[in-house]
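Please have the sequence and the 3D view open as you read.

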Amino acid sequence: MSQTPPSAEPKFPRDHYLNATYGIKSWLLTTDHKRIALLYLISVTFFFFIGGLFATLIRIHLLTPTGALVTPETYNKLFTMHGVAMIFFFLIPSIPAVLGNFLIPPMIGAKDLAFPKINLLSWYIYVVGGCFVLYSFSTGGLDTGWTFYTPLSSVYSNSAVTPAVLGIFINGFSSILTGLNFIVTIHTMRAPGMTWFRLPLFAWAHYATSLVMILGTPVVAITLLLAGLERMFHLGFFNPAMGGDPILFQHLFWFYSHPAVYIMILPSMGVVSEIIPTFARKPIFGYAFIAASSIAIAVIGFLVWAHHMFVTGESTYAALAFSFLSYLVAIPSAVKVFNWTSTLYKGSISWDAPMLYALGFIGLFTIGGLTGLFLACLGLDIHIHDTYFVIAHFHYIMVGGAVMGYVGGIHFWWPKITGRLYSEPMSRFAAVTLFVGFNLTFFPQFILGYLGMPRRYHSYPPEFQVLNVLSTAGASILALGYLLPMIYLTWSMRYGKVAGPNPWPATGLEWKMDSPPPTENFHVTPVVDWEPYDFNNRPDLGLAAGRPLAPAHGDD
Amino acid sequence: MQSQLPLYPEQASNFAPKVDGLMIFLTSVAALFATGITVAIVYFFFKYHRKQANAVGVPIHGDSRLEAAWIVVPLVLALGMFSWGAVIYVDYRTTPSDTLNIDIIGKQWMWKAQHPNGLREINELHVPVGRNVKLTLASEDVIHDFFVPAFRVKMDVVPGHYNTMWFRPTKPGRYHFFCSQYCGTNHAIMGGWITVMEPTDYAAWLSGSSGGEANPVAVGEKLFSEKACITCHLANGTGRAPSLNGMYAAKVLLADGTTVVADEAYIRESILQPNAKIVAGYQPLMPTFQGQLTEEQILALTAYIKSLQSQPVPTKGGGVAPARGAENALAAPTEKK
C-alpha cells in the first residue's frame, strides 16, 4: 500500500480518467462508469436548475394572497413542471446515477460496472426521456400535477400531457437498467475478501434501491403509458364516463411512486452511513442493523402505497392495514437514525463540510420521518391530507434528506472525482446556510397545513399570508445555500489544492485509488483484509491507530 | 381566528377536538424524539470534537440491547399512534343513522349543495349546529375534495361513484371550505363558506329561502316520466321492469342468485350501467343513461326512488318481480333465496 499520510504534499497523478482520452466523442461514447457519472452529473444538475427556477417563481408568486406573479394556468404548470423535473429527472437519478455510478465499482474493488455499455445506454435513455419532457414543458407546458391523476390528466387537461408521460415512460428504462447493473455488479464483481458484510453501507443502500427500481419502475411506466393511451385514443382505463376507474390509476401510480421515495432516500442514507464513520473516525454503530434496515425499508416500502388514498373512499379495512404497515416502515428508518447518532459517541469528530451536511441530513430527515407518522395516522390524515403539511413533510424527506445527502456526498467524494479540494470555510458556511434556509422555508408550511391551506393553490385566503411570506424569505436563503457550492466547487476544479488519494482519510476501497482515479480504477486487483470502517487496524491511513482519545472501558 | 398567528384552525365540529388531541399527542412524541436526537448530536459534536489531527475514536461496534430497545420502544409508540388514529377514522367513516342528508356536487370549479327540501346553494352550505350531517359527494368531471378545516374532515369527490362524509357542527359561525384535490385551472378558488346556524335560525333560513326551488323528489318524479323510466318500471309490478316501490334500502335478488342492498351506489349503477346487475326474473332490456343525465339529475332520480320506499310493494304474480318482492323490506323477515 503506497499511500502516504497527508503530511507530505500530494501530487496530482499524471494519468487519470479525465485525461485518458480527449474530445467530445471520447465522452459521448465512453463506457467508463466514472465518465458516465459525470455525464449524469451535468444532466441532473441541468434539471435541478430548471426545477429550481420553477420553485423560485412559485415562492415569489405566493408572496401575496391573490398571487403576485402569474396566471392560475401558469402557476399550475409551474408546480407540475417543478415536480416532474425534480422527481423524475433529478431526485431519482441523482445519487444512484452520479455517485453510485462513480463509486460502486471502486468500493467493491471492480474496474467497472458489470455492463458498461448498458450503463451508457441508460444515460442516453435518460436524455431521450428528458427531451420529451422538455418538449412538453416548452410546447404548452404541463398542468396535471406530477401525480397525473386521472381523469384530469387523461381527459380534461389542455396541456402537453402526452409527451410528458412518454418521456417519463422512456426514462423509466434508464432507472431499470441502472438498478440491474448495480445488482449484478454487487453480486458478481466484488474483489477477493470483499464479503457481503464488508460491503460499504453505501453499496448496501444501492442494492436495496436497485431492487425498488427494478420491481417498481415498470408499474409506473405502464400506468403513465395507459393514461397517455387513454388520452390519445380515448380508451376507457381510468375515465369513469367510459367505465374506467380513476382510483385504479392512483393504486397503480402509488405502487411505484411511494417506493420511489425510497429510491430517493435510501442512497442518501448510504452516503450518510459513509460520511459519519469517516469524520467520527470510528466504526459505524450497528453495521448489520443499518444494512438490514435498508433491505427492510425496500421490502415494506412496497406495502404501504394506499396511505396516499385514505380519503379517496377506500374501504376502512384497507385504510387500517395500510396505516399499520406505514407505521412498520418507520421503524427501520428510526433504527438508522439511532445508529448514526450513536456512532458519534466517543468519536474523534471533525467539523468538515461533509460531516455538517450529514448531521444536517439526520436532523432534517428525523423531522421528515416523524411528520410521516402524522400522515400515516388515519385520524389526522383526514385533516392534513393534501394540505401544506404534506408539502412540508415530503420536502423534509426529499430535499432535507435526499438532496442534503446528495450535496454532502458530492462534497465528500469531490476530491476523489476531481483530485482537488474546495475551500473549507466556504463549504462550512454553505452547509449551515442550506440547513437554516431549508428550515425557514419549509417549517412554516407544517403550520400552514394544519391551519388548512390546501396544496396546489395559486391564491389563498389572506390569513395564510404571514407564513407564506416567511417561507419565501427562507427560500431565498436556501437558494444561496445551493448556489454557493456550485461556485466554489467549480472554482476548485482548477484552483483547488491537490487532494491526494485519501485526504480525510477514509477506510473505503475507493480511497485506495489515485484522485482522480485512472480509467481502470486499480492497477492491481485489490484484496480486502480489513473490516469496514475500521480505523484502528489500518496503519496505511497514517492515524494514531489503536490510540483512542479516551481510555477504553468495557464497551466492546 | 384566535390570534394573529394561530397554530390551529377553529374547532367547530365533533371531530375537531378529537383530531387536535391526537395532534398534540403526536407532536409531543415527535418533539421528544427530535429534541433527543438533536441534543445528542450537538452534545457529541462539541464534546468529541477532534483535538489532534491524527486522533481516532473509540472502536465501538454496536450494542444489541440498545438496538432492541430502539426497535421496541418506537414500535410501541407507533402502535399507540396507529390505534388512536384508527379509532377516530372508523368513527368518521361510520355514518350515524339519524343524519341530515345533503347532496354535494363538485364540478370544475364550483360546489353545488342540494338540501332535502329542494333548496340549492352554490359555494355556500348552511347547516344547523348540533345535528349530524351526512354529505353525499358526487363529481361531474374530475376528482375534487370537500375539505372543511374547522371541522378537521375531508373526503375526495370521485367521478363515477359516491363518497359520503359526516360531521356534527358544534359552534355557530362561518367557516371556509376548500377543494383540496387538485382539479385544474381554478382549483384554488373552488371553495366557499359553511354557515353553522342555531337550529331556530336554520329553520327560519330553510323556510325563508326555499320558495320556488324544486323539491328533488318532484324533480326526480318528473324526470322519471320524461326519461320514460315509468313505461317499464310500473308501480303495480306489471311492467317489463321491476316496481321500485319499497326497493330502497331493501335486498334485491339478482339473476345470478346473489343479493345486493339497493343503496345510492346501486341505484346509480343501475341507471348508468343497467346490465351490471340484473334483477332475477327480468331481461336486460334497459338502455344505459351514461352521459345523458347530470349528477344532479341522478341524485334527483335517487331521491324520487327513495321516496317510494314507503309505497306498498306489489304482490307477486302477473309478471311482477317474483323473487324481488320476497326478498324485500328490511322490516319484514326475509326468506333465504
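This is a predicted model: local features need pLDDT of at least 70, side-chain atom pairs count only at pLDDT 80 or more; totals for chains, interfaces and linings use all residues.

Residues are numbered from 1 along each chain as its sequence is written, while chains are lettered from A and ligands numbered from 1 in the order in which they are written.

Chain A holds 15 helices and zero strands; these are DSSP runs numbered from the N terminus, helices being H or I of at least four residues and strands E of at least two. Of its 556 residues, 63% count as buried, meaning that 20 or more other C-beta atoms, placed from the backbone, lie within 10 Å of a residue's own. The C-alpha atoms of chain A fill a box of roughly 70 × 50 × 45 Å along the principal axes.

Now to the helix pair, both members belonging to chain A.

| Helix of chain A | Residues |
|---|---|
| helix 8 | 246–280 |
| helix 9 | 287–300 |

Their axes come within 11 Å and cross at roughly 175 degrees. That makes helix 8 of chain A roughly antiparallel to helix 9 of chain A (angles over 145 degrees, taken between N-to-C directions of lines fitted to C-alpha atoms over the stretch in contact, on a scale from 0 to 180 degrees).

Finally, 88 residues of chain A are in contact with 79 residues of chain B, contact being C-beta atoms, placed from the backbone, within 7 Å. Helix 10 of chain A gives the most to this side of chain A, with 14 residues.

Methods:
Angles under 35 degrees count as roughly parallel, over 145 as roughly antiparallel, 65 to 115 as roughly perpendicular and the rest as oblique. A residue is buried if 20 or more other C-beta atoms lie within 10 Å of its own, exposed if 12 or fewer, and partly exposed in between; C-beta atoms are placed from the backbone. Two residues are in contact if their C-beta atoms, placed from the backbone, lie within 7 Å.
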